[in-house]
Amino acid sequence: EMLRGKRVIVTGASSGIGEQMAYHLARMETHLLLTARTEAKLQKVVERCLELGAASAGYVSGSMEDTTFPDVVVKEAENTWGGLDMLILNHIAYSYFNYFDGDVGHVRKLLEINFLSYVAMTVSALPMLKESNGSIVVISSMAGEIGTPFTAPYTATKFALEGFFSSLRHEFIMEKVNVSITLCVLGYIDTENAVRAVSHAVRDKPAPKEECALEIIKSGVLRQRELHYPPWLVGNLLLLQAIAPDFLDSLIRGNYKVENIKR
């Protein structure tokens with residue numbers, strides 16, 4: 001009921017966690033604007049959202065590699081609704097899962113999509129969010145809290161999200177801006193892309209994307225500072241990082257089937 005009739009943007013909504021968030025939000029009777037690169041997939045997600053009870057649902061397809069695209073999405077929300085209540089930033093550019101190959105250009109591209117476009121969308125949406133006392137939900141990762149092998153370019157972008165949005169939260173509080181920022185620190189989730197990328201090389205079992213998506217929405221609407229999911233795993237790892245970082249590092253390295261990583 002807290003979300004019924006609210007106006008929500010979800011990025012990266014054509015598959016994975018973003019798609020599942022769209023379905024949950026549709027059942028809560030929100031107004032949805034979805035974005036992703038693949039128009040055909042977005043159309044199917046929008047159709048399903050309308051079947052599930054969304055107050056309205058639309059989409060804008062495009063790539064966050066285009067530096068003007070974040071403004072295009074936010075402008076569409078403004079033209080359609082005249083305001084915005086929640087911005088869920090979920091999109092990523094996919095990277096390799098392997099030893100760092102020294103490709104600085106790849107790191108630069110990931111920073112543009114996985115970090116700078118988040119900043120750009122936040123800047124564009126902030127006037128409407130201030131007016132509605134709205135919420136920003138940032139989908140991050142354990143890789144943005146604890147360094148892990150074989151993900152150096154991707155990890156860099158997630159650490160950047162942590163730094164920027166944690167700093168911005170301070171400024172909102174100091175300036176009495178009533179816009180919440182929720183940082184979602186996620187472990188290994190059973191999205192198709194994640195399982196395909198890492199299942200051959202990690203010993204962990206992935207957590208369910210449907211439940212993860214619902215927990216993200218709950219944390220955003222309740223204006224929580226952070227979400228840890230799965231809570232027992234992420235919480236314990238962060239505790240270990242604080243009290244026994246070298247021991248944690250050895251546990252992390254032991255979780256990988258290094259023999260399955262081909263340079």
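Helices (H or I, at least four residues) and strands (E, at least two) are DSSP runs, numbered from the N terminus. This is a predicted model, in which local features need pLDDT of at least 70 and side-chain atom pairs count only at pLDDT 80 or more, while totals for chains, interfaces and linings use all residues. Residues are numbered from 1 along each chain as its sequence is written, and side-chain values use heavy atoms, with hydrogens and water left out.

**Stop 1: the sheet**

Select the strands. They form an open sheet of 7 strands in the order β3-β2-β1-β4-β5-β6-β7, with parallel pairing; two strands pair if DSSP finds at least two bridges between them. Which strands stand at the edges? They are β3 (56-61) and β7, each with a single partner strand, so one side of each has no neighbour in the sheet. On average, neighbouring strands are turned by 15° against each other, direction ignored. Axes here are lines fitted to C-alpha atoms, for helices over the stretch in contact, and angles run from 0 to 180 degrees between N-to-C directions.

Now select β1 (residues 7-10) and β4, which pair in the parallel sense over 3 bridges. V10 has I88 in β4 as its bridge partner.

**Stop 2: helices on the sheet**

Select α3 (residues 69-81). This helix packs on the sheet and touches β1, β2 and β3, and its direction makes about 160° with that of β2. Contact means heavy atoms within 4.5 Å.

Next, select α5 (residues 152-174). It has 23 residues and reaches 34 Å from its first C-alpha to its last, close to the 33 Å expected at 1.5 Å a residue; the expected span is 1.5 Å times one less than the number of residues. Helix α5 lies across β4, β5, β6 and β7, at about 150° to β5. Its buried residues include L161, F165, L168 and F172. Buried means under 20% relative accessible area, exposed over 50%, and partly exposed in between (1.4 Å probe, protein chains only). The buried residues of α5 pack against β4 (86-89), α4, β5, β6 (180-186) and β7. After α5 comes K176, whose phi is positive, near 55°.

**Stop 3: the nonpolar cores**

A nonpolar core is a set of buried Ala, Val, Leu, Ile, Met, Phe, Trp, Tyr and Cys residues joined through side-chain atoms within 4.5 Å. Of the 34 residues in the largest one, V10, L32, L34, C49, I88, L186 and I216 touch the most other members. Its largest share, 6 residues, comes from helix α1 (residues 16-27). Select C49: not counting residues up to four places away in sequence, it touches A22, Y23, A26, L32, L34, A54 and A57. Another core, of 33 residues, lies apart from this one, and I9, L89, L129 and I181 are among its members.

**Stop 4: H91**

Select H91, in the loop between β4 and α4. Is H91 buried or exposed? It is buried, with a relative accessible area of 7%. Its side chain makes polar contacts with the side chains of T11 (2.8 Å) and S117 (2.7 Å). A polar contact is a pair of N or O atoms within 3.5 Å; within protein, one must be able to donate a hydrogen and the other to accept it, and residues adjacent in sequence count only if both atoms are side-chain atoms.

**Stop 5: backbone in the loops**

Select P230, in the loop between β7 (226-229) and α8 (231-243). The peptide bond from Y229 to P230 is cis, with omega near -5°. Finish at E29, in the loop between α1 and β2 (31-36). Phi of E29 is near 65°, a positive value in a residue other than glycine.
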